[in-house]
Amino acid sequence: MTQQSVAAPQPVPTSDKLDAAVLKVAGVVVLGAIMSILDVTVVSVALPTFQNEFDASYARVAWTMTGYTLALATVIPLSGWAADRFGTKRLYMIALALFTIGSGLCATADTIGELIGYRVLQGLGGGMLMPIGMTIMTRAAGPNRIGRLMAVLGIPMLLGPIGGPILGGWLIDVASWHWIFLINLPIGVIALVYAQLALPKDNPEPSESFDFLGMLMLSPGLALFLYGVSTLPETGTFADSEVWGPMLVGAALVVAFVLYSFKPQHPLLDLRLFRNRRLTVAAVTLFVFIIAFMGAGLLFPSYFLQIRGESTLHAGLLMAPQGLGAMVTMPIAGMLADKVPVGRTVPFALLLIVAGFFTFTQVDPNTSYVLLCGSLFVMGLGMGGTMMPIMTSALKTLTGHEVARGSTLVNILQQIGGSVGAAVMSVILTNELNGSRPIPGATDPQGNPVTEAGLAIAVQQQPELAQQMPVDPSLLERGLDYAANSFGTTFWVAFALVLLTFVPAAFLPRRREPSHLLDDQPGEPGEQPKTPVVVH
(Lines give C-alpha, C1' and ligand atoms only; values in the text may rest on other atoms or scores of the structure.)
Protein backbone atom coordinates (compact mmCIF):
# COMPACT_ATOMS: atom_id res chain seq x y z
CA MET A 1 0.00 0.00 0.00
CA THR A 2 2.98 2.27 0.41
CA GLN A 3 6.10 2.30 -1.67
CA GLN A 4 8.65 -0.07 -0.21
CA SER A 5 12.20 -0.92 -1.15
CA VAL A 6 14.43 -3.60 0.24
CA ALA A 7 17.70 -2.05 1.32
CA ALA A 8 19.98 -4.24 3.40
CA PRO A 9 22.62 -1.57 4.21
CA GLN A 10 20.02 0.72 5.86
CA PRO A 11 18.72 -0.50 9.22
CA VAL A 12 15.16 -0.01 10.34
CA PRO A 13 15.07 2.93 12.77
CA THR A 14 15.02 1.72 16.36
CA SER A 15 14.88 5.10 18.10
CA ASP A 16 11.58 5.88 19.76
CA LYS A 17 11.94 9.59 18.89
CA LEU A 18 9.98 11.06 15.98
CA ASP A 19 12.42 12.42 13.40
CA ALA A 20 11.82 15.26 10.96
CA ALA A 21 10.77 12.96 8.10
CA VAL A 22 8.04 11.34 10.19
CA LEU A 23 6.85 14.69 11.58
CA LYS A 24 6.64 16.11 8.04
CA VAL A 25 4.27 13.30 7.05
CA ALA A 26 2.37 13.65 10.32
CA GLY A 27 1.79 17.34 9.61
CA VAL A 28 -0.16 16.50 6.45
CA VAL A 29 -2.40 14.04 8.26
CA VAL A 30 -2.97 16.33 11.24
CA LEU A 31 -4.10 19.18 8.94
CA GLY A 32 -6.69 16.94 7.30
CA ALA A 33 -7.86 15.55 10.63
CA ILE A 34 -8.23 19.05 12.08
CA MET A 35 -10.55 20.01 9.22
CA SER A 36 -12.63 16.86 9.54
CA ILE A 37 -12.98 16.88 13.34
CA LEU A 38 -13.43 20.66 13.70
CA ASP A 39 -16.22 20.54 11.15
CA VAL A 40 -18.31 18.21 13.31
CA THR A 41 -18.08 20.32 16.47
CA VAL A 42 -18.37 23.66 14.66
CA VAL A 43 -21.63 22.64 12.98
CA SER A 44 -23.09 21.27 16.22
CA VAL A 45 -23.31 24.77 17.73
CA ALA A 46 -24.80 26.20 14.51
CA LEU A 47 -28.00 24.12 14.49
CA PRO A 48 -30.18 26.83 16.12
CA THR A 49 -28.87 29.30 13.54
CA PHE A 50 -29.84 26.92 10.72
CA GLN A 51 -33.34 26.67 12.21
CA ASN A 52 -33.79 30.43 11.98
CA GLU A 53 -31.98 30.85 8.65
CA PHE A 54 -33.91 28.14 6.77
CA ASP A 55 -37.15 28.25 8.83
CA ALA A 56 -36.84 24.52 9.55
CA SER A 57 -37.48 22.27 12.53
CA TYR A 58 -34.69 20.95 14.73
CA ALA A 59 -35.26 17.43 13.41
CA ARG A 60 -34.75 18.74 9.88
CA VAL A 61 -31.59 20.76 10.52
CA ALA A 62 -30.13 17.87 12.54
CA TRP A 63 -29.68 16.09 9.22
CA THR A 64 -26.76 18.42 8.53
CA MET A 65 -25.04 16.27 11.17
CA THR A 66 -26.75 12.96 10.36
CA GLY A 67 -26.13 13.19 6.59
CA TYR A 68 -22.44 13.79 7.27
CA THR A 69 -22.34 10.79 9.62
CA LEU A 70 -24.07 8.49 7.16
CA ALA A 71 -21.62 9.50 4.43
CA LEU A 72 -18.72 8.72 6.77
CA ALA A 73 -20.13 5.29 7.59
CA THR A 74 -20.70 4.55 3.90
CA VAL A 75 -17.22 5.42 2.67
CA ILE A 76 -15.00 4.16 5.51
CA PRO A 77 -15.21 0.47 4.48
CA LEU A 78 -13.85 1.41 1.04
CA SER A 79 -10.65 2.89 2.45
CA GLY A 80 -8.66 -0.34 2.78
CA TRP A 81 -9.32 -1.53 -0.78
CA ALA A 82 -8.95 1.94 -2.28
CA ALA A 83 -5.58 2.39 -0.54
CA ASP A 84 -4.40 -0.83 -2.17
CA ARG A 85 -5.78 0.10 -5.56
CA PHE A 86 -4.87 3.77 -5.91
CA GLY A 87 -2.15 4.35 -3.32
CA THR A 88 -2.38 6.21 -0.03
CA LYS A 89 -1.06 9.58 -1.29
CA ARG A 90 -3.44 9.79 -4.25
CA LEU A 91 -6.43 8.66 -2.21
CA TYR A 92 -5.65 11.05 0.65
CA MET A 93 -5.46 13.98 -1.75
CA ILE A 94 -8.78 12.97 -3.37
CA ALA A 95 -10.37 12.89 0.09
CA LEU A 96 -8.94 16.34 0.91
CA ALA A 97 -10.27 17.74 -2.37
CA LEU A 98 -13.78 16.30 -1.83
CA PHE A 99 -13.93 17.69 1.68
CA THR A 100 -12.71 21.13 0.62
CA ILE A 101 -15.09 21.35 -2.36
CA GLY A 102 -17.97 20.20 -0.15
CA SER A 103 -17.12 22.92 2.38
CA GLY A 104 -17.22 25.62 -0.29
CA LEU A 105 -20.56 24.37 -1.60
CA CYS A 106 -22.06 24.30 1.93
CA ALA A 107 -21.43 28.04 2.20
CA THR A 108 -23.49 28.60 -0.99
CA ALA A 109 -26.56 26.63 0.18
CA ASP A 110 -29.90 28.47 -0.17
CA THR A 111 -32.10 25.73 1.30
CA ILE A 112 -31.72 23.20 4.10
CA GLY A 113 -31.96 20.41 1.51
CA GLU A 114 -28.98 21.80 -0.41
CA LEU A 115 -26.97 22.14 2.80
CA ILE A 116 -27.67 18.51 3.75
CA GLY A 117 -26.63 17.33 0.27
CA TYR A 118 -23.36 19.27 0.38
CA ARG A 119 -22.67 17.94 3.88
CA VAL A 120 -22.94 14.41 2.45
CA LEU A 121 -20.26 15.33 -0.11
CA GLN A 122 -18.09 16.58 2.75
CA GLY A 123 -18.61 13.28 4.55
CA LEU A 124 -17.49 11.26 1.52
CA GLY A 125 -14.14 13.02 1.77
CA GLY A 126 -13.98 13.20 5.55
CA GLY A 127 -14.69 9.50 5.95
CA MET A 128 -11.43 8.60 4.21
CA LEU A 129 -9.20 11.21 5.86
CA MET A 130 -8.77 9.51 9.23
CA PRO A 131 -8.26 5.82 8.25
CA ILE A 132 -5.96 6.65 5.32
CA GLY A 133 -4.15 9.21 7.45
CA MET A 134 -3.63 6.64 10.21
CA THR A 135 -2.25 4.18 7.66
CA ILE A 136 0.20 6.75 6.29
CA MET A 137 1.42 7.75 9.76
CA THR A 138 1.64 4.21 11.14
CA ARG A 139 3.77 3.01 8.24
CA ALA A 140 6.00 6.08 8.36
CA ALA A 141 6.86 5.64 12.04
CA GLY A 142 7.61 1.94 12.38
CA PRO A 143 6.71 -0.31 15.33
CA ASN A 144 8.80 1.40 18.01
CA ARG A 145 7.08 4.76 17.74
CA ILE A 146 3.40 3.93 17.33
CA GLY A 147 2.40 5.29 20.75
CA ARG A 148 4.12 8.64 20.23
CA LEU A 149 2.70 8.86 16.75
CA MET A 150 -0.83 8.26 18.03
CA ALA A 151 -0.27 11.08 20.52
CA VAL A 152 0.52 13.37 17.56
CA LEU A 153 -2.64 12.20 15.80
CA GLY A 154 -4.50 13.02 19.00
CA ILE A 155 -3.76 16.75 18.51
CA PRO A 156 -6.76 17.33 16.21
CA MET A 157 -8.91 15.20 18.51
CA LEU A 158 -8.08 17.73 21.24
CA LEU A 159 -8.48 20.81 19.06
CA GLY A 160 -11.92 19.66 17.89
CA PRO A 161 -13.63 19.65 21.31
CA ILE A 162 -11.73 22.76 22.44
CA GLY A 163 -11.73 24.90 19.32
CA GLY A 164 -14.81 23.75 17.43
CA PRO A 165 -17.59 25.20 19.62
CA ILE A 166 -15.53 28.32 20.39
CA LEU A 167 -14.67 28.93 16.74
CA GLY A 168 -18.22 28.19 15.57
CA GLY A 169 -19.79 30.50 18.13
CA TRP A 170 -17.33 33.30 17.40
CA LEU A 171 -17.71 33.09 13.61
CA ILE A 172 -21.51 33.09 13.83
CA ASP A 173 -21.46 36.06 16.24
CA VAL A 174 -19.01 38.28 14.34
CA ALA A 175 -19.74 37.22 10.74
CA SER A 176 -22.32 34.66 9.59
CA TRP A 177 -22.92 30.90 9.53
CA HIS A 178 -21.33 30.70 6.06
CA TRP A 179 -17.88 31.20 7.57
CA ILE A 180 -17.96 27.96 9.57
CA PHE A 181 -17.59 26.30 6.15
CA LEU A 182 -15.54 28.92 4.29
CA ILE A 183 -12.77 28.64 6.88
CA ASN A 184 -12.02 25.15 5.55
CA LEU A 185 -11.10 26.45 2.08
CA PRO A 186 -7.65 27.94 2.85
CA ILE A 187 -6.81 25.03 5.18
CA GLY A 188 -7.81 22.54 2.48
CA VAL A 189 -5.72 24.24 -0.20
CA ILE A 190 -2.68 24.36 2.10
CA ALA A 191 -3.16 20.69 3.03
CA LEU A 192 -3.36 19.67 -0.66
CA VAL A 193 -0.13 21.50 -1.54
CA TYR A 194 1.57 20.16 1.58
CA ALA A 195 0.47 16.59 0.77
CA GLN A 196 1.79 16.85 -2.78
CA LEU A 197 5.19 17.97 -1.50
CA ALA A 198 5.55 15.89 1.69
CA LEU A 199 4.01 12.49 1.00
CA PRO A 200 6.13 9.90 -0.87
CA LYS A 201 5.18 8.98 -4.41
CA ASP A 202 2.65 6.16 -4.66
CA ASN A 203 3.55 2.76 -6.00
CA PRO A 204 0.20 0.93 -5.74
CA GLU A 205 0.25 -2.84 -5.43
CA PRO A 206 -1.58 -4.94 -8.06
CA SER A 207 -5.27 -4.38 -7.45
CA GLU A 208 -7.17 -7.05 -5.59
CA SER A 209 -10.56 -8.01 -6.95
CA PHE A 210 -13.14 -5.59 -5.60
CA ASP A 211 -15.84 -7.07 -3.39
CA PHE A 212 -18.91 -5.57 -5.08
CA LEU A 213 -21.32 -7.94 -3.34
CA GLY A 214 -19.93 -7.02 0.07
CA MET A 215 -20.20 -3.34 -0.81
CA LEU A 216 -23.87 -3.77 -1.78
CA MET A 217 -24.57 -5.33 1.60
CA LEU A 218 -22.39 -3.42 4.06
CA SER A 219 -22.62 0.25 3.02
CA PRO A 220 -26.42 0.34 2.46
CA GLY A 221 -26.87 -1.79 5.58
CA LEU A 222 -24.91 0.65 7.75
CA ALA A 223 -26.62 3.65 6.17
CA LEU A 224 -30.11 2.22 6.70
CA PHE A 225 -29.38 1.14 10.26
CA LEU A 226 -27.93 4.54 11.20
CA TYR A 227 -30.84 6.26 9.47
CA GLY A 228 -33.27 4.34 11.66
CA VAL A 229 -31.28 5.10 14.81
CA SER A 230 -30.94 8.79 13.93
CA THR A 231 -34.72 9.04 13.38
CA LEU A 232 -35.34 8.03 17.02
CA PRO A 233 -35.05 11.59 18.41
CA GLU A 234 -37.73 12.76 15.99
CA THR A 235 -40.21 9.92 16.57
CA GLY A 236 -39.38 9.16 20.20
CA THR A 237 -40.27 5.47 19.89
CA PHE A 238 -38.94 2.26 18.36
CA ALA A 239 -42.52 1.37 17.39
CA ASP A 240 -42.53 3.87 14.52
CA SER A 241 -42.03 2.13 11.16
CA GLU A 242 -39.59 4.87 10.10
CA VAL A 243 -37.34 3.65 12.93
CA TRP A 244 -37.67 -0.13 13.03
CA GLY A 245 -38.12 -0.57 9.26
CA PRO A 246 -34.72 0.82 8.19
CA MET A 247 -33.04 -0.62 11.30
CA LEU A 248 -34.40 -4.11 10.57
CA VAL A 249 -33.42 -4.06 6.89
CA GLY A 250 -30.06 -2.49 7.69
CA ALA A 251 -29.28 -5.00 10.43
CA ALA A 252 -30.25 -7.89 8.12
CA LEU A 253 -27.87 -6.60 5.44
CA VAL A 254 -25.04 -6.17 7.95
CA VAL A 255 -25.57 -9.68 9.37
CA ALA A 256 -25.63 -11.08 5.82
CA PHE A 257 -22.35 -9.28 5.13
CA VAL A 258 -20.75 -10.71 8.26
CA LEU A 259 -21.71 -14.26 7.27
CA TYR A 260 -20.57 -13.69 3.68
CA SER A 261 -17.31 -11.85 4.39
CA PHE A 262 -15.39 -14.96 5.47
CA LYS A 263 -15.84 -16.54 2.02
CA PRO A 264 -14.06 -14.24 -0.50
CA GLN A 265 -10.27 -14.05 -0.52
CA HIS A 266 -10.32 -10.24 -0.41
CA PRO A 267 -13.49 -9.07 1.41
CA LEU A 268 -14.45 -5.42 1.61
CA LEU A 269 -13.99 -5.43 5.39
CA ASP A 270 -11.57 -8.02 6.69
CA LEU A 271 -13.38 -9.48 9.70
CA ARG A 272 -10.75 -12.23 9.87
CA LEU A 273 -8.65 -9.71 11.78
CA PHE A 274 -10.93 -10.30 14.77
CA ARG A 275 -9.15 -13.63 15.18
CA ASN A 276 -6.46 -11.43 16.70
CA ARG A 277 -7.51 -11.41 20.36
CA ARG A 278 -5.82 -8.11 21.23
CA LEU A 279 -7.46 -6.37 18.29
CA THR A 280 -10.86 -7.74 19.30
CA VAL A 281 -10.55 -6.75 22.97
CA ALA A 282 -9.30 -3.26 22.06
CA ALA A 283 -12.06 -2.77 19.48
CA VAL A 284 -14.85 -3.83 21.87
CA THR A 285 -13.48 -1.61 24.65
CA LEU A 286 -13.28 1.37 22.30
CA PHE A 287 -16.78 0.71 20.92
CA VAL A 288 -18.47 0.64 24.35
CA PHE A 289 -16.49 3.68 25.49
CA ILE A 290 -17.40 5.72 22.40
CA ILE A 291 -21.12 4.96 22.76
CA ALA A 292 -21.10 6.22 26.35
CA PHE A 293 -18.66 9.09 26.25
CA MET A 294 -19.28 10.60 22.83
CA GLY A 295 -23.05 10.15 23.07
CA ALA A 296 -23.25 12.05 26.35
CA GLY A 297 -20.47 14.44 25.37
CA LEU A 298 -22.67 16.00 22.69
CA LEU A 299 -25.19 16.89 25.42
CA PHE A 300 -22.74 18.80 27.63
CA PRO A 301 -22.91 21.97 25.46
CA SER A 302 -26.71 21.58 25.28
CA TYR A 303 -26.90 21.75 29.07
CA PHE A 304 -25.01 25.04 29.07
CA LEU A 305 -27.10 26.43 26.21
CA GLN A 306 -30.56 25.25 27.23
CA ILE A 307 -30.47 25.06 31.03
CA ARG A 308 -28.00 27.82 31.86
CA GLY A 309 -28.88 30.16 28.97
CA GLU A 310 -25.27 30.64 27.79
CA SER A 311 -24.34 31.86 24.32
CA THR A 312 -22.73 29.43 21.88
CA LEU A 313 -19.36 31.11 22.40
CA HIS A 314 -19.60 30.90 26.20
CA ALA A 315 -20.79 27.28 26.01
CA GLY A 316 -17.73 26.49 23.89
CA LEU A 317 -15.44 28.19 26.39
CA LEU A 318 -17.02 26.22 29.24
CA MET A 319 -16.24 22.97 27.39
CA ALA A 320 -12.55 23.88 27.00
CA PRO A 321 -11.37 22.31 30.31
CA GLN A 322 -12.14 18.85 28.94
CA GLY A 323 -9.77 19.33 26.02
CA LEU A 324 -7.17 20.94 28.26
CA GLY A 325 -7.24 17.91 30.55
CA ALA A 326 -6.70 15.61 27.59
CA MET A 327 -3.76 17.75 26.46
CA VAL A 328 -2.04 16.98 29.77
CA THR A 329 -2.35 13.19 29.65
CA MET A 330 -2.39 12.35 25.94
CA PRO A 331 1.37 12.85 25.30
CA ILE A 332 2.16 10.93 28.49
CA ALA A 333 -0.20 8.11 27.53
CA GLY A 334 1.36 7.99 24.07
CA MET A 335 4.84 7.45 25.47
CA LEU A 336 3.62 4.92 28.03
CA ALA A 337 1.77 2.96 25.32
CA ASP A 338 5.12 2.04 23.77
CA LYS A 339 6.54 0.83 27.08
CA VAL A 340 3.70 -0.19 29.43
CA PRO A 341 0.86 -2.60 28.49
CA VAL A 342 -2.40 -0.67 28.07
CA GLY A 343 -4.16 -3.08 30.42
CA ARG A 344 -2.20 -1.48 33.25
CA THR A 345 -2.96 2.16 32.32
CA VAL A 346 -6.41 2.36 30.68
CA PRO A 347 -8.41 1.21 33.78
CA PHE A 348 -6.93 4.09 35.80
CA ALA A 349 -7.84 6.54 33.03
CA LEU A 350 -11.39 5.16 33.03
CA LEU A 351 -11.60 5.76 36.80
CA LEU A 352 -10.87 9.45 36.19
CA ILE A 353 -13.68 9.58 33.62
CA VAL A 354 -16.09 7.94 36.06
CA ALA A 355 -15.14 10.39 38.82
CA GLY A 356 -15.69 13.41 36.58
CA PHE A 357 -18.81 12.06 34.93
CA PHE A 358 -20.63 11.50 38.22
CA THR A 359 -20.99 15.27 38.73
CA PHE A 360 -23.17 15.55 35.62
CA THR A 361 -25.64 12.99 36.97
CA GLN A 362 -26.37 15.51 39.76
CA VAL A 363 -26.86 18.67 37.67
CA ASP A 364 -29.55 21.25 38.44
CA PRO A 365 -30.21 24.80 37.13
CA ASN A 366 -27.64 26.26 39.57
CA THR A 367 -24.80 23.71 39.71
CA SER A 368 -21.48 25.47 40.32
CA TYR A 369 -19.49 26.21 37.18
CA VAL A 370 -16.29 25.61 39.15
CA LEU A 371 -17.49 22.08 39.94
CA LEU A 372 -18.65 21.42 36.36
CA CYS A 373 -15.49 22.75 34.73
CA GLY A 374 -13.33 20.89 37.24
CA SER A 375 -15.21 17.68 36.45
CA LEU A 376 -14.76 18.25 32.70
CA PHE A 377 -11.01 18.70 33.29
CA VAL A 378 -10.83 15.40 35.21
CA MET A 379 -12.81 13.66 32.45
CA GLY A 380 -10.37 15.12 29.91
CA LEU A 381 -7.45 13.67 31.87
CA GLY A 382 -9.11 10.27 31.62
CA MET A 383 -10.00 10.64 27.94
CA GLY A 384 -6.42 11.49 27.04
CA GLY A 385 -5.28 8.26 28.65
CA THR A 386 -7.94 6.08 27.06
CA MET A 387 -8.59 6.47 23.32
CA MET A 388 -5.09 6.61 21.81
CA PRO A 389 -3.61 3.81 23.97
CA ILE A 390 -6.52 1.49 23.04
CA MET A 391 -6.06 2.24 19.33
CA THR A 392 -2.31 1.71 19.73
CA SER A 393 -2.90 -1.69 21.36
CA ALA A 394 -5.02 -2.76 18.41
CA LEU A 395 -2.68 -1.62 15.64
CA LYS A 396 0.62 -2.77 17.17
CA THR A 397 -0.33 -6.43 16.79
CA LEU A 398 -1.01 -6.13 13.05
CA THR A 399 1.52 -6.88 10.34
CA GLY A 400 2.31 -4.14 7.83
CA HIS A 401 -0.12 -5.30 5.15
CA GLU A 402 -2.94 -5.50 7.70
CA VAL A 403 -2.66 -1.93 9.01
CA ALA A 404 -5.01 -0.27 6.51
CA ARG A 405 -7.71 -2.89 7.02
CA GLY A 406 -7.22 -2.87 10.79
CA SER A 407 -7.50 0.91 11.01
CA THR A 408 -10.62 0.69 8.81
CA LEU A 409 -12.21 -1.71 11.32
CA VAL A 410 -11.32 0.53 14.28
CA ASN A 411 -12.55 3.69 12.56
CA ILE A 412 -15.88 2.28 11.43
CA LEU A 413 -16.55 0.94 14.95
CA GLN A 414 -15.85 4.42 16.29
CA GLN A 415 -18.23 6.00 13.78
CA ILE A 416 -21.03 3.54 14.48
CA GLY A 417 -20.52 3.82 18.24
CA GLY A 418 -20.61 7.61 18.15
CA SER A 419 -23.73 7.67 15.96
CA VAL A 420 -25.59 5.12 18.07
CA GLY A 421 -24.55 6.82 21.31
CA ALA A 422 -25.64 10.27 20.15
CA ALA A 423 -28.99 8.97 18.87
CA VAL A 424 -29.76 6.92 21.98
CA MET A 425 -28.86 9.75 24.37
CA SER A 426 -30.97 12.16 22.30
CA VAL A 427 -33.93 9.77 22.48
CA ILE A 428 -33.64 9.43 26.26
CA LEU A 429 -33.37 13.19 26.73
CA THR A 430 -36.25 13.89 24.32
CA ASN A 431 -38.53 11.36 26.03
CA GLU A 432 -37.67 12.79 29.45
CA LEU A 433 -38.41 16.36 28.32
CA ASN A 434 -41.64 15.28 26.62
CA GLY A 435 -42.87 14.06 30.00
CA SER A 436 -43.05 17.64 31.24
CA ARG A 437 -46.49 19.08 32.04
CA PRO A 438 -48.14 20.77 29.03
CA ILE A 439 -49.26 24.39 29.37
CA PRO A 440 -53.05 24.60 28.81
CA GLY A 441 -53.90 26.26 25.48
CA ALA A 442 -50.27 26.86 24.44
CA THR A 443 -49.06 25.44 21.11
CA ASP A 444 -45.99 25.96 18.91
CA PRO A 445 -46.15 27.06 15.22
CA GLN A 446 -46.58 23.40 14.18
CA GLY A 447 -49.59 23.01 16.48
CA ASN A 448 -47.83 20.84 19.05
CA PRO A 449 -48.52 21.52 22.77
CA VAL A 450 -45.89 23.56 24.60
CA THR A 451 -44.59 22.02 27.82
CA GLU A 452 -43.31 23.81 30.90
CA ALA A 453 -39.80 22.48 30.28
CA GLY A 454 -39.96 23.49 26.61
CA LEU A 455 -41.02 27.04 27.45
CA ALA A 456 -38.37 27.35 30.17
CA ILE A 457 -35.64 26.28 27.75
CA ALA A 458 -36.92 28.71 25.09
CA VAL A 459 -36.86 31.61 27.58
CA GLN A 460 -33.35 30.66 28.71
CA GLN A 461 -32.13 30.86 25.11
CA GLN A 462 -34.21 33.95 24.22
CA PRO A 463 -34.86 36.02 27.38
CA GLU A 464 -36.87 38.55 25.35
CA LEU A 465 -39.70 35.99 25.15
CA ALA A 466 -40.45 36.55 28.84
CA GLN A 467 -41.06 40.24 28.10
CA GLN A 468 -43.21 39.56 25.04
CA MET A 469 -45.65 37.30 26.88
CA PRO A 470 -46.83 37.18 30.49
CA VAL A 471 -45.19 34.11 32.05
CA ASP A 472 -45.56 32.97 35.64
CA PRO A 473 -42.03 32.89 37.16
CA SER A 474 -42.92 29.81 39.21
CA LEU A 475 -43.90 28.00 35.99
CA LEU A 476 -40.53 28.81 34.42
CA GLU A 477 -38.69 27.71 37.56
CA ARG A 478 -40.62 24.43 37.66
CA GLY A 479 -40.00 23.81 33.96
CA LEU A 480 -36.28 24.55 34.29
CA ASP A 481 -35.94 22.18 37.24
CA TYR A 482 -37.68 19.45 35.23
CA ALA A 483 -35.42 20.06 32.22
CA ALA A 484 -32.28 19.90 34.37
CA ASN A 485 -33.47 16.62 35.92
CA SER A 486 -34.04 15.28 32.39
CA PHE A 487 -30.40 15.96 31.57
CA GLY A 488 -29.35 14.34 34.85
CA THR A 489 -31.35 11.18 34.06
CA THR A 490 -29.76 10.97 30.60
CA PHE A 491 -26.30 11.36 32.11
CA TRP A 492 -27.07 8.51 34.54
CA VAL A 493 -27.57 6.17 31.56
CA ALA A 494 -24.29 7.30 30.03
CA PHE A 495 -22.58 6.90 33.42
CA ALA A 496 -23.75 3.28 33.58
CA LEU A 497 -22.35 2.66 30.10
CA VAL A 498 -18.98 4.10 31.12
CA LEU A 499 -18.95 1.65 34.04
CA LEU A 500 -19.72 -1.13 31.56
CA THR A 501 -16.50 -0.25 29.70
CA PHE A 502 -14.53 -1.75 32.58
CA VAL A 503 -15.68 -5.24 31.53
CA PRO A 504 -13.85 -5.43 28.16
CA ALA A 505 -11.05 -3.23 29.54
CA ALA A 506 -10.29 -5.97 32.08
CA PHE A 507 -9.16 -8.17 29.17
CA LEU A 508 -6.71 -5.63 27.70
CA PRO A 509 -3.12 -6.98 27.62
CA ARG A 510 -1.20 -6.67 30.89
CA ARG A 511 2.04 -8.07 29.51
CA ARG A 512 4.26 -6.40 26.97
CA GLU A 513 4.18 -8.08 23.58
CA PRO A 514 6.33 -7.37 20.50
CA SER A 515 4.88 -5.34 17.62
CA HIS A 516 4.46 -7.11 14.28
CA LEU A 517 3.81 -3.97 12.24
CA LEU A 518 6.62 -4.54 9.76
CA ASP A 519 6.13 -8.30 9.38
CA ASP A 520 5.03 -7.66 5.81
CA GLN A 521 7.08 -10.15 3.87
CA PRO A 522 6.04 -13.57 2.56
CA GLY A 523 6.62 -16.43 4.92
CA GLU A 524 5.12 -18.07 7.92
CA PRO A 525 2.76 -16.02 10.10
CA GLY A 526 4.75 -13.88 12.51
CA GLU A 527 8.05 -14.57 10.70
CA GLN A 528 10.35 -11.54 10.62
CA PRO A 529 11.52 -10.42 7.16
CA LYS A 530 15.05 -11.59 6.50
CA THR A 531 15.99 -8.23 4.95
CA PRO A 532 15.07 -4.94 6.60
CA VAL A 533 12.22 -3.06 4.99
CA VAL A 534 12.56 0.69 4.60
CA VAL A 535 9.22 2.48 4.34
CA HIS A 536 9.52 5.63 2.24
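In helix α14, the buried residues are Leu299, Phe300, Pro301, Tyr303, Phe304, Leu305 and Ile307. That makes α14 a mostly covered helix, with seven of its nine residues buried. Keep in mind as you look around that this is a predicted model.

**From α14 to α15**

So what does α14 touch? One partner is α15, and here Phe300, Pro301, Phe304 and Leu305 of α14 make the contact with Thr312, Ala315, Leu318, Met319 and Gln322 of α15. Sorted by class, the residues of this contact come out as seven nonpolar, two polar and no charged. The axes of α14 (residues 299–307) and α15 come within 9 Å and cross at roughly 135 degrees. An angle counts as roughly antiparallel over 145 degrees and as roughly perpendicular from 65 to 115, and α14 and α15 are therefore oblique to each other. The crossing in which α14 passes α15 is right-handed.

**α15 meets α17**

Now follow α15 to another partner. Helix α15 covers residues 312–337 and helix α17 covers residues 369–384; their axes come within 6 Å and cross at roughly 30 degrees. Because angles under 35 degrees count as roughly parallel, α15 is roughly parallel to α17. Here too the crossing is described as right-handed, with α15 passing α17.

On the α15 side, the contact is made by Leu318, Met319, Pro321, Gln322, Leu324, Gly325, Ala326, Val328, Thr329, Met330 and Ala333. On the α17 side, you'll find Tyr369, Cys373, Leu376, Phe377, Met379, Gly380, Leu381, Met383 and Gly384. The class count for this contact is 15 nonpolar, five polar and no charged residues.

**α1 and α10**

Elsewhere in the chain, helix α1 (residues 20–44) pairs up with α10, with axes that come within 10 Å and cross at roughly 155 degrees. An angle over 145 degrees counts as roughly antiparallel, so α1 is roughly antiparallel to α10. This crossing of α1 and α10 is left-handed.

From α1, the residues involved are Leu23, Lys24, Val25, Gly27, Val28, Leu31, Met35 and Asp39. They meet Asn184, Ile187, Gly188, Ile190, Ala191, Tyr194, Ala195 and Ala198 in α10. By class, the contact of α1 with α10 holds eleven nonpolar, three polar and two charged residues.

| Helix pair | Axes come within | Crossing angle |
|---|---|---|
| α15 and α17 | 6 Å | roughly 30 degrees |
| α14 and α15 | 9 Å | roughly 135 degrees |
| α1 and α10 | 10 Å | roughly 155 degrees |

Is asparagine 184 buried or exposed? At 4% relative accessibility, asparagine 184 counts as buried, because the cut-off is under 20%. This asparagine sits in helix α10, which runs over residues 184–198. Neighbours within four places in sequence aside, asparagine 184 is in contact with Met35, Asp39, Phe99, Thr100, Ser103 and Gln122.

Tyrosine 68 belongs to helix α4 (residues 63–75), and with a relative accessible area of 2% this tyrosine is buried. Leaving out neighbours within four places in sequence, the contacts of tyrosine 68 are Ser36, Asp39, Val40, Trp63, Phe99, Arg119, Gln122, Gly123 and Gly126. Tyrosine 68 and isoleucine 116 are 48 residues apart in sequence, with 7.9 Å between their C-alpha atoms.

Alanine 95 is part of helix α6 (residues 88–106) and counts as buried at 1% relative accessibility. Again leaving aside neighbours within four places in sequence, alanine 95 touches Gly125, Met128 and Leu129. Alanine 95 and leucine 192 are 97 residues apart in sequence, yet 9.8 Å apart in space, C-alpha to C-alpha.

**The whole chain**

Zooming out, the chain has 23 helices and four strands. Of its 536 residues, 55% are buried. Among contacts with a separation of 6 or more, 81% are between residues 24 or more positions apart. The chain exposes about 22,100 Å², and carbon and sulfur atoms supply 65% of it.

Key. Residues are numbered from 1 along each chain as its sequence is written. This is a predicted model: local features need pLDDT of at least 70, side-chain atom pairs count only at pLDDT 80 or more; totals for chains, interfaces and linings use all residues. Side-chain values use heavy atoms; hydrogens and water are left out. Axes are lines fitted to C-alpha atoms, for helices over the stretch in contact, and angles run from 0 to 180 degrees between N-to-C directions. Helices (H or I, at least four residues) and strands (E, at least two) are DSSP runs, numbered from the N terminus. A crossing is left-handed if the near helix is turned anticlockwise from the far one by less than a right angle, and right-handed if clockwise. Contact means heavy atoms within 4.5 Å. Ala, Val, Leu, Ile, Met, Phe, Trp, Tyr, Cys and Pro count as nonpolar, Asp, Glu, Lys and Arg as charged, and the others, Gly among them, as polar. Buried means under 20% relative accessible area, exposed over 50%, partly exposed in between (1.4 Å probe, protein chains only). Accessible areas come from the Shrake-Rupley method with a 1.4 Å probe; for residues, only the protein chains shown count as cover.
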